Amino acid sequence: MATYELNVNGQRKQVNVDPTTPLLWVLREELKLTGTKYGCGISACGACTVHVAGIATRSCVVPVSLIGDRPIVTIEGIGNDPVGRAVQDAWVEKDVVQCGYCQSGQIMSAVALLKTTARPTDANIEQSLGGNLCRCGTYVRIREAIKRASGQLT
Amino acid sequence: MLLRSRRTGSVFDQAAPNANRILRSVTVILVACGAGLLLMSFASPQARHGDRARTRTEGLVAWQQVYSVLTSPRCINCHTATNYPQQGDDRRRHFANVIRGPEGKGVAGLNCASCHQETNADSTGVPGGHNWHLAPLSMRWQDLNDEPLSSVAVCRAITDQSKNHHLDGPGLLKHHEDEALVRWAWQPGRRPDGTMRTLPPLTHEEFVAATRRWVEAGTPCPPGR
Amino acid sequence: MRATPKDETDMHVNRRSFLCASAAAAGGLLVSLYLDLSAAAPERNQAPPAKVYPPEAFVNIRPDGKIVITVNRLEVGQGAQTALPMILADELDADWSQVIAQLAPAGELYKDPLIGIQMIGGSCSIPNSFQQYRELGAKTRAMLIATAADRWGVPADQCRTKDSVVYGPGNRSARYAELAEDAARRPAPTVVQLKGASQFHLIGKPVRRLDSRAKCDGSQKFSLDLDLPGMLIALLARPPVFGGRVRGFDDREARNVSGVRDIFEIPLVTGSAVAVVADRFWAAKQARDRMKVDWDLSGIDHPDSLQLFAKYKEIAQMPGNIAVRLGDEHAIDHIPASDRIQAEYEFPYLAHAPMEPLNLTVRYDRDRAEAWAPSQIATWEQAAIAEVLGLRPEQVTFHVLAAGGSFGRRGTTDSHFVREAAAIAQRLPGTPVKLIYTREDDMKSGYYRPMFVHRVEVGIGPDGMPITWKHVIVGQSFVIGTGVIQEAILVKNGVDRLATEGTDDSPYTLPNMHLSVHHPKANVPTLSHRSVGYGHNSFVRETLVDELATRAKADPIAYRLKLLKPDAKKFRTSLTLLDQKSGWRHRLPRNHASGIACSEYNGTCVACAVEVSIENKRPRMHRATLAVDCGLAVNPLSIENQMQGGLVFGLTQLMANGAITLKDGHVEQGNFDRYAPPYMPDTPVSIDVHIVPSAEQPTGVGEPPVPVIAPAVVNALFRLTRKRYRSLPLTTV
C-alpha cells in the first residue's frame, strides 16, 4: 500500500492503495467517482477514458503509481469545461445514448478531439472515436453529436 | 556477377576476369601476411576494440545479426508500412483501431500515450517507454501486407540519411545503444496474462556489438534489391 | 382497499407502504386502492379475475409536482424507461417536464401482463404494456378529475386536463400536486375512457430519453456502480471447461494479498468454482490471479468448434424432426439440377458482450435477503435467490437496476449468475457482496448464441420463382429439457421454434417446403441472443432469395415483393417504403454496390438497403437505409435509435473476429482483442430510418433490425466479387 495525492477534477485527493491499482479502480472505489466505467480492463473499449494532463487516457491500464501530479479530469468534471459542456449538451440534444455505459468514454474522447480539431471531418471523427466500443450501436448519433458540438463551439 | 558496393568499391570489381584472378591471389597472400602480422600485434581484445578495419564480409555478418533483431516482433511491430502498429509475437494488427496519426503518436482521443506510459505497467500488461510512438514511415521495415522487408531493403533504408534523420554510422550505433524505445525491447514487460514478452534474438549488448562491427565495416548492405 | 398486509414478511408491500407513508407525510398521491381479488376467487368458485394493476404501484404524484412513474421493465438501452412513462403520461395529461422514471423491483404487479413473468425479452415491452400503461394513466387522470369536480361541486365531464392541471368551468383550476392527497383516498375506477389517437400529445412524437443527461454526466448509476456500506467484492475462479469441478485449491499466495477476506468453493449450475472475496476489486483480482486451483475435468465433454462444425455438417445430410411439411417433399426430384441451388451455411457461437459485464449484489440476512441486479427476468431471479437461500420469494427484496446493455445475456433460464451471488452471500451473512464478472469471465462464461449449420436445397420454377424449399437446421436448443413454462409452447415434435423462426414463418410463397431440425447436445451453455432464431434464419433466407433474384435478373426488392405471400402485409409496406427511400441504389459510384434484405421479428418488419465497397479487403459500409413497420410508432426518435443500433449489433457476425470458438473445451476468446465487435469504422457512416405510418397496435423494435444487415451486406458484396458468403464470420472477402 502507498499513499498518493491525486489532482482530480481540480481537487486534491489523497488515497492509500496498492501501487499497481489501475487509476480506474482508484477513481471508482476510493473516490466514489463511478462515472468512469469498467468495460474490458485491457484498454480495448474506451469506457474508462479520462483526461490526464489533457490527454485522453484509458484509466483501466494505467497504474495509479504512474500518474504523479498530472491533473485528472473525469466525466463528472468535464462539464466545467466549455468544450465538455457543449459535447454533453449535443449528446442530449441528439438523443445519442441507449444503455449509456460506454458514453462517458465516448464523451471524453470526443472532447479530446474537439479540443485539438475544432471542425473535425468524418474521417477525423472516425479515427479519434474508432477505438471506443458501443454495443448498442450509437455511432451514427455520436458522429452527429460531435458535429453539432463543433458547430456550437465555432 | 558484379558486387555492387557503394561504400567500398572493391578493386576486384573493376579488373578483367583473368587479371582479377591474379590480383585476387596476390591480394590473398598479402592479406594473409598482413593478417598474420595483425594477429601477432593485435592479440588482445582491447586492441581489437580500437580496430576499425572490419572487412566487408565481417560487416555483412554483423548486419545479419542486426537485421535479425530489427525484424523481431519487439522492434518491427512499430516499424510498420501501414497506418497501424502491430502487437504480439504473431504481429497482428493492434486492437481497438489504434492508428498512426500525423506524427506517429496516434490521434486526439486515441494517442499512444492514452495507454502507454513512460514505463511498463506490468500489473495491467501494457508496455511503456519514454515517448512511445511509431517509427516514421521512412523507417518502415515491412511492406503493406505486413511482411518484413528483405535484409538489403532494410539495410538500405536505415543507412539512407535522407530517411533516417541524418544518422551516420556512429549515429546509428548511438541510437541502438541509447534510445529509450530501442532499449525497451529488452525489458518489454509482462503481457496481461502475466507472462513475459519474448526478447529479441540477441541480448542488447550483443546487438550493440554487432552494430558496432557493422558500422566499423562501413555499414555495408547485402547485394540485391 | 388492502385492509392488512399479508402476514408473511412481504417486502414488496413493505416497500409500498414505505412509499405510502413517506408520501402521505409529504402529502403526495399514491393511488392507494388495491382490490386483492385473487385470494377470494378460487374459494368462491368464481372465474379468475382480470388482472388489476393498481395505479398506486405505478404512479406517484409528489407535492412538488414531480410525477414518478414506475416502469415494469429492465432498462437495457432499449428505451422502455422513457416510452412506458410517455404512454402513461399522455393519458394522464401530465406535464412531461416533471416526469421521472424509476425501475420496478421484482413483484407480482410488475409482471408482463400477457406473459405473467416480470421480464424483458422478445421486444415485448411496448406491445405487452401499451394498453396497460394507457389504462394506468387514464385511471389516475379520472381520479384527479373526480377529486377536483367534487371540490368545485361541478360535474366531472365539465373538467379538462392539460400539463398536470385540472381545469373546471369558469376559471377554476387545480394542479395535480394539490389534488393528489385527496385523490389518493378515492377508489380507482375499473373502467376508463382512453384517448383517441388524434388526442395524443406525446405518443407518436419524437420524445427524447429521460435518462440522457444522467448518462452523459456520470451520475447514472449502473449495477456495477452500486456502493453499500461494508460491501465486499467477489470474483469467481471458474473452471476452464464447462462443468469442471474444483478438486482442491491452494490459496496461500492469494490470501497474502492485502484486503482479501475469504476464499471458498461454491457450486455452479454445473460444476463448481472458487469464490475470492475482498474489500476492493483490484485486491480480489490480484488474489484470484494467485490462486492455484486443481480442476477435475474428467467425465465432461471438451467441445471443439471445428469438430462440432464437421459433426453438424454430417448430421445435416439427413432430415431431422419435422418442423414444416408443406406440399410435396419430392417435388425437387422433378426439377433439373441446373435449376436447383444447394447451399450450406455455418454460423458461429456469438457472445452477447454487453458493455457492462455481468454483476449483481446480494445481502443475506438469514430470514430475509436483498438483491440488486440488472435482471432481465426479475421474478425468476428473485425466486432463484430465494431457492438458494432457503427462503420464500417474498422474503427476497429484489431491486432492478439499469443495465449497461444485455441483448439476452442477463436473462438465463437457469438464473446462474444470481444463484452464484446468492451462494457467496450465504457464506457472509449481513454483508452485501457484489459478484463481478471480469470481461474475461463474461466472455468465457458461455450462454452463447448457439452455432448452427443450415443445409438448403431450393428448386426453381421456369418463372424464376422457387417451387420447393428443403431445409435442415442443426443447432443446440437452450429450451428443451429446461422445464420452463415456455418449453411447452416453443417445443413441438422435438423442434425448438427458437431455432427455426425466420424459416418456419417465411413470408415468401413456397408451394413445397420441408423444414426439419436436429438439436444436438454440446457441452456449451447457450441462450437467447438479440433476435434469436431470426439472426441466422433470416441470413439464410435473404441470401438465397437474393440468389434467386439474381438468377431471375430481377431487382431484389421487386423480386421480393412479387414473391411475398399476399398476407405478408408488413413485409410489403416496409419493402415498398424502402424502395421509395433508397433511390440512391441506382446511382452508385464505381466499385460500390447495394444489397437488400428484410426480416421480421415478433410482428415488426424491417427492410434494409446498404451501400458497400471493399477497402483493405474488408467491406466498407457507406450508407444504410432502413424502413420499418412496427404498427403505431410510439416514439419515432427511440425507434430510429433502435433501428440504427440494432443494425450495428447485427454486424457483429460479419466482423473478422466475430466468433466465439472452442478448442479442447476451452473458449479461445477472452476479451475484445480477440472477439472484436463493430467499432465506428466498421459501421455505415449514415443510417437513415423511415417508419411506415400506421395506427395498428404497436409492435416492438429492439430486435427486428438485427437480422437484416448481415445478409444485406453479403448480398452487396456478391455484386462486387461474384462470391456468395455462407460461412460466418466473414474472415475473407
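**Burial, domains and contacts**

Reader: Does C:Ser531 count as buried or exposed?
Author: Count the neighbours. C:Ser531 has 29 of them by C-beta inside 10 Å. A residue is buried with 20 or more other C-beta atoms within 10 Å of its own, exposed with 12 or fewer, and partly exposed in between, C-beta atoms being placed from the backbone. At 29 neighbours, C:Ser531 therefore counts as buried.

Reader: What kind of model is this?
Author: Residues are numbered from 1 along each chain as its sequence is written, while chains are lettered from A and ligands numbered from 1 in the order in which they are written. Local features need pLDDT of at least 70, side-chain atom pairs count only at pLDDT 80 or more, and totals for chains, interfaces and linings use all residues, in what is a predicted model.

Reader: Back to C:Ser531: near what value is its phi?
Author: C:Ser531 sits in the loop between β23 (512-518) and α14 (534-551) of chain C. Helices (H or I, at least four residues) and strands (E, at least two) are DSSP runs, numbered from the N terminus. Phi of C:Ser531 is positive, in a residue other than glycine, and lies near 85°.

Reader: What percentage of chain B is buried?
Author: Chain B has nine helices and four strands. Its elements run α-α-α-α-α-β-β-β-β-α-α-α-α from the N terminus on. Of its 225 residues, the buried share is 31%.

Reader: And what percentage of chain C is buried?
Author: Chain C holds 18 helices and 29 strands. Its radius of gyration is 27 Å, close to the 27 Å of the globule rule for 733 residues, so chain C is as compact as a globular protein of that length. That radius is taken over C-alpha atoms, and the rule is 2.2 Å times the number of residues to the power 0.38. Of the 733 residues, the buried share is 56%.

Reader: In chain C, what share of contacts at least 6 apart in sequence joins residues at least 24 apart?
Author: Two residues are in contact if their C-beta atoms, placed from the backbone, lie within 7 Å. For chain B, contacts with a separation of 6 or more come to 61% from residues 24 or more positions apart. For chain C, the share is 76%.

Reader: How far apart are the centres of domain 1 and domain 3 of chain C?
Author: The bounds come from an automatic or database domain assignment. It gives domain 1 (11-215), domain 2 (223-298 + 358-436) and domain 3 (316-350 + 448-721). Taken over C-alpha atoms, the centres of domains 1 and 3 are separated by 39 Å.

Reader: Which elements give two or more residues to the side of domain 1 that touches domain 3 in chain C?
Author: In this contact, 20 residues of domain 1 meet 20 residues of domain 3. The elements of chain C that give two or more residues to the domain 1 side are α2 (80-92) and α3 (125-152).

Reader: Which element supplies the largest share of the side of chain C that touches chain A?
Author: The contact takes 50 residues from chain C and 46 residues from chain A. On the chain C side, α5 (212-216), α7 (281-289), α17 (636-650) and β29 (686-691) each supply at least two residues. The largest share, eight residues, comes from α17(C).

Reader: What is the strand order of the open three-stranded sheet in chain C?
Author: Two strands pair if DSSP finds at least two bridges between them. β5 (160-162) and β7 (173-175) of chain C pair on one side only, as edge strands. β5(C) pairs with β6 (165-167) over three bridges. With antiparallel pairing, the order in chain C is β5-β6-β7.

Reader: At about what angle does α3(C) run to β6(C)?
Author: Axes are lines fitted to C-alpha atoms, for helices over the stretch in contact, and angles run from 0 to 180 degrees between N-to-C directions. α4 (176-183) of chain C lies across β6 and β7, at about 80° to β7(C). α3(C) lies across β5, β6 and β7 of chain C, and its angle to β6(C) is about 50°.
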